[in-house]
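User: Could you take me through the labels used for this model and show me what backs each one up?

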Amino acid sequence: MDVNRIEQTRRELEKQGKKIINLSSGNPGEFGVRFPQEILSRAFSKFQTEPVYSPDPKGNVEARRAVVQFYEQRGLKISAENILLTSGTSESYLHLFKLLAKPGDEILFPNPSYPLFDHIAKLADIELNHYELDANTEGWQIDLKNLESKISPKTKAIVLVSPNNPTGGVLTGPVLSKVLAIAQKHNLTVISDEVFSEFIFDGEIFPRACALADSAAAQNVNIFTLNGISKTYALPGLKLSWIVATGPRAAEYLEELELSVDTLLACNQMSQAMLPDIIVQGDEFLQNYRARVEQSRNTAMKILGSSQNITFNKPCGAFYIFAQIRNFPGTDEDFVIEIMKRTGIFVHPGYFYDYEKTGSKGVVPGSPFEEWSGLHVLISFLMEAGELSSTLERFVQATNLLCHRA
């Protein structure tokens with residue numbers, strides 16, 4: 001398999017004994033975030049007392065009831081019958097792509113976008129068509145005209161990723177309502193990816209698509225809401241996620257999904273048995289975890305914002321800043337390699353997310369990107385604030401030196 005220049009450089013530096021600091025990762029375990037061991041131990045002990053294999057295609061009923069409680073605590077009433085457990089959100093996407101689209105059909109995805117989705121689409125033998133997120137709006141809101149212009153007879157669904165990876169944007173309630181109205185107008189299903197929904201900053205309330213679907217403009221829209229414990233409880237290794245189906249065809253779709261899931265039964269029985277304890281007893285951990293991430297977000301904004309060579313929209317949620325670098329004499333790939341060589345800091349280039357625009361293209365006067373041109377990089381702020389501070393200070397110093405060469 002071919003290896004790109006960035007990965008080649010990383011491997012060469014590691015062979016030379018250079019420590020590489022991965023500031024592209026969304027894996028909380030890499031940055032020392034640990035769900036309480038005592039809760040996991042007790043939950044596992046309960047599973048050991050009755051480890052009999054008795055699979056349910058939708059998932060263990062007690063686990064699904066725990067998901068019901070998760071949403072009740074957030075003001076939503078969801079029936080356990082409308083929940084289906086999966087082995088990770090990637091599996092959720094694969095089942096939904098196969099459910100909603102036939103080979104050659106299209107599903108609309110945001111741009112910038114996480115690259116894994118393209119591979120899942122290939123497995124499902126469908127096409128992704130990307131609509132634009134507007135960098136000149138707070139929260140990287142959807143360009144609604146662009147979204148509707150992408151709809152064709154082949155289009156079967158609209159995917160929303162909010163909070164967004166890589167932008168850190170959060171869709172507002174009014175924008176979500178307009179998207180649902182577009183979906184109803186064109187008879188499209190909505191897939192709402194909310195895996196970062198517990199990481200909303202500045203005291204804001206998270207707008208959920210399924211909570212807005214009772215309006216007249218959206219009451220006939222079928223919505224699949226995706227979430228899980230990977231980001232929320234820092235437990236990616238347990239591989240447990242869920243699909244919540246709402247809308248007029250929810251029962252029909254769930255019946256078809258059950259058949260699809262039943263062919264694999266990939267969802268781990270141990271993880272399902274542990275889920276109630278994780279959700280019921282994980283509140284204190286989650287509050288502390290969220291506070292830590294927000295503190296690190298604030299630290300990252302302060303340090304990166306001190307450089308005239310770096311600009312960005314304030315991340316409203318998730319774990320990332322999608323920063324624009326000004327006046328670097330090269331590509332985003334060149335920049336990532338130079339930064340890694342000079343500092344050992346590894347970030348992702350914008351092209352990994354199919355985003356190659358410059359800030360000088362179509363900017364709104366007075367926006368953060370006015371008269372700025374450059375490239376984009378993704379920077380994770382999951383690292384603890386103190387260590388993140390010193391790491392980003394080195395990143396900024398190196399960036400300023402590289403950009404002054406222009």
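Analyst: Happy to; what follows takes the labels one at a time. This is a predicted model, in which local features need pLDDT of at least 70 and side-chain atom pairs count only at pLDDT 80 or more, while totals for chains, interfaces and linings use all residues. Residues are numbered from 1 along each chain as its sequence is written, and side-chain values use heavy atoms, with hydrogens and water left out.

User: Why is helix 11 called roughly parallel to helix 13?

Analyst: Helix 11 (residues 283-304) and helix 13 (residues 385-403) pack at an angle of about 20°, with their axes 9 Å apart. Angles under 35 degrees count as roughly parallel, over 145 as roughly antiparallel, 65 to 115 as roughly perpendicular and the rest as oblique, so helix 11 is roughly parallel to helix 13. The axes are lines fitted to C-alpha atoms, for helices over the stretch in contact, and angles run from 0 to 180 degrees between N-to-C directions. Helices here are DSSP runs of H or I with at least four residues, strands are runs of E with at least two, and both are numbered from the N terminus.

User: Which residues make the contact between helix 11 and helix 13?

Analyst: Contact means heavy atoms within 4.5 Å. On helix 11 the contact residues are Q295, S296, T299, A300, I303 and L304; on helix 13 they are A385, L388, S389, L392, E393, F395 and V396. Sorted by class, this contact has 8 nonpolar, 4 polar and 1 charged residues. Ala, Val, Leu, Ile, Met, Phe, Trp, Tyr, Cys and Pro count as nonpolar, Asp, Glu, Lys and Arg as charged, and the others, Gly among them, as polar.

User: What makes strand 6 largely enclosed by the rest of the structure?

Analyst: Buried means under 20% relative accessible area, exposed over 50%, and partly exposed in between (1.4 Å probe, protein chains only). In strand 6 (residues 189-193), 5 of the 5 residues are buried, so the strand is largely enclosed by the rest of the structure. Both of its faces are covered, with T189, I191 and D193 buried on one side and V190 and S192 on the other.

User: How do you know that strand 5 and strand 6 are joined?

Analyst: Two strands pair if DSSP finds at least two bridges between them. Strand 5 (residues 155-161) and strand 6 run parallel and are joined by 5 bridges, so they meet that definition. Within this pairing, V161 stands opposite D193 and L160 stands opposite S192.

User: Why are strand 2 and strand 4 placed at the edges?

Analyst: They belong to an open sheet of 7 strands in the order 2-8-7-6-5-3-4, with mixed pairing. Strand 2 (83-86) and strand 4 (127-132) each have a single partner strand, so one side of each is left without a neighbour in the sheet. Neighbouring strands of this sheet are turned by 25° against each other on average, direction ignored.

User: Why does K239 count as partly exposed, and which class does L265 fall into?

Analyst: K239 has 42% relative accessibility, so it counts as partly exposed. L265, at 26%, is partly exposed too. K239 has a positive phi of about 50° although it is not a glycine, and it sits in the loop between helix 8 (229-232) and strand 8 (241-246). L265 has a positive phi of about 45° and lies in the loop between helix 9 (250-262) and helix 10 (269-281).
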